[in-house]
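Please open the model in your viewer and keep the selection panel at hand. The stops below are meant to be taken in order.

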Amino acid sequence: MGETLLVIDEGTTSTRAMLFAADGTVLGSQSAELTQSYPAPGLVEHDAAEIWGKSLACARAMVEKAGGPDRIAAIGITNQRETIVFWDKLTGEPLAPAIVWQDRRSAEICRKLKEADEEPGVQARTGLLLDPYFSGTKIAWAMANWPQLKEAGDRLALGTIESWLVWKLTANENRGGLHVTDATNASRTLLMGLGSGAWSDGLVDMFDAPRDALPEIVDCAGQFGTTSLFGGEIPICGLAGDQQSATIGQSCLAKGETKATYGTGAFVLTNAGTSPPTSKNRLLATVLWQLNGRRTYALEGSVFVAGSLVQWLRDSVKLIERADETEGLARSVEDNGGVYLVPALAGLGAPWWHPEARAAITGLSFNSGRAHIIRAALEAQAHQSHDLKTAFAADGADWGRLRIDGGMIANDWIAQDLADMLALPVDRPDFTETTALGAAMLAGVGRGLFQDLEAASAMRGKVKTFEPQMPAPTREARLAGWSHAILKVVE
Ligand code: ADP
């Protein structure tokens, strides 16, 4: 058996292949940008053929780097979630554009279902809310508007991105591919019963999803199939959606353990144990992993604007030239000078869920300068995280410490501010590519290199801890200022 693990980490703006040694060392990485199409306001599409072609090319480069397919023990796949692909089982070609998770075209379908008071029942069964974000309403829209999908009849296949990649990896000229999806990705479709781990007939009907086109729901680790596209057989042994994979990569393996990723947006997941959680505070309940047919669950809170706020300050407002200037600017002033920034540039996500809210900078005076606004932008990360922590606690899943990753937390000031404002130790791993790492861990478990995820978590490596240092009155004053600012935006 080979000794390395090949991960395909398929994201929204790029796809990447990474080669890991079993001790977690990264041996190589190759990525390619993906084209995003915006055919009209609110619509976001991908070309599934491009995703496949570029993912395959990146994977090929890593197989070469490894020294051939024999050197690779297993493939793990992690992917942007909710994005849905439609393809022809006979030709293996896409039948329509892939509808991306950010796409809002099914807002009207959601509105009608909410009007019909379907949301409580949908939330109880799936752990999700009626929002265009999830795949189900995208499928309903596609079946109603793209006649070629109905015309394809029993040739139609649909699935999230990992499902598409597994099909393409396992298909050959004599037969179609393996049609599977893992339980974490399936739990984001609105079609799967969270408790049963199976497609729900009632939900499949509600979203007019073609039953025979759906993949089989499988575990996150196991020997699912093999690919012979790299000049030899390599088994596919790990599958998980990106946020679940990052939670595994952060080794949140026990109930209550929590990770937060601060990238374009911020995503927080808390391991909720082996019973499906119920949120009364508009958090999502989702599958964290499924192994040997048994599911572990997570509560999830998503903040739409995190690092994209820094991008906006750089590209649109031109307050800075580079994202990493923010750290020095934040340190250059003693405090925020009374300035608060509520980054509702695309509405507010959890726990507020105000799609119409718009951003605000409050408390400006002649005394305020560029550094105060930048500091307020960085402080907003901890403020939004604090709101999430409050919602998680109200749902019975308070955080004891927080494991962080994502592009923003290269910024030490943000990491320390999170520790201070959450009044918790905050752990930052030296190796922050936790999404790919989680998929490598699952692939290693599926191939039998590791007995279980606990054994695989040795791949995680060293961690730096930021301890809370802020005096309680300072923290309380900041939180009061933030509450005041956010009320101006959500009222
Ligand atoms: P994604 O995976 O969502 O594409 P990343 O995890 O790569 O995003 O994070 C990139 C984001 O982090 C960008 O929005 C950028 O503005 C922000 N960012 C990067 N470096 C810093 C920094 N030193 N300080 C603050 N924000 C940063």
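Predicted model: local features only at pLDDT ≥ 70, side-chain atom pairs only at ≥ 80, totals over all residues.

Residues are numbered from 1 along each chain as its sequence is written, and side-chain values use heavy atoms, with hydrogens and water left out.

Select the ligand and the residues around it: 13 residues surround the ligand, the closest being Thr264, Gly307, Gln311, Gly407 and Asn411, where a residue counts as near if one of its heavy atoms lies within 4 Å. Show the side chain of threonine 264, in which an N or O atom is 2.6 Å from an oxygen atom of the ligand. At glycine 307, look instead at the backbone, where a polar atom is 2.9 Å from an oxygen atom of the ligand.

Next, select arginine 375, which lies in helix α12 (residues 370–394); helices here are DSSP runs of H or I with at least four residues, numbered from the N terminus. Arginine 375 counts as buried because its relative accessibility is 11%, buried meaning under 20% relative accessible area with a 1.4 Å probe and protein chains only. A polar atom of its side chain lies 2.8 Å from the backbone oxygen of valine 333. Leaving aside residues up to four places away in sequence, arginine 375 touches Ala330, Val333, Glu334, Asp335, Asn336 and Trp413, contact meaning heavy atoms within 4.5 Å.

Move on to threonine 170 in helix α6 (residues 161–170), which, at 6% relative accessibility, also counts as buried. A polar atom of the threonine 170 side chain lies 2.7 Å from the backbone oxygen of valine 166. Beyond residues up to four places away in sequence, threonine 170 touches Arg175, Gly176, Gly177, Leu178, Thr226 and Ile236.

Finally, select helix α9 (residues 242–249) and helix α14 (residues 434–447), which pack at an angle of about 80° with their axes 6 Å apart, the axes being lines fitted to C-alpha atoms over the stretch in contact and the angles running from 0 to 180 degrees between N-to-C directions. Helix α9 is therefore roughly perpendicular to α14, a term that covers 65 to 115 degrees.

Technical notes:
Helix = DSSP H or I, 4+ residues; strand = E, 2+ residues; numbered from the N terminus. Parallel < 35°, antiparallel > 145°, perpendicular 65-115°, else oblique. Buried < 20%, exposed > 50% of the residue type's maximum accessible area, 1.4 Å probe, protein only. Polar contact = N/O pair within 3.5 Å; in protein donor to acceptor, adjacent residues only side chain to side chain.
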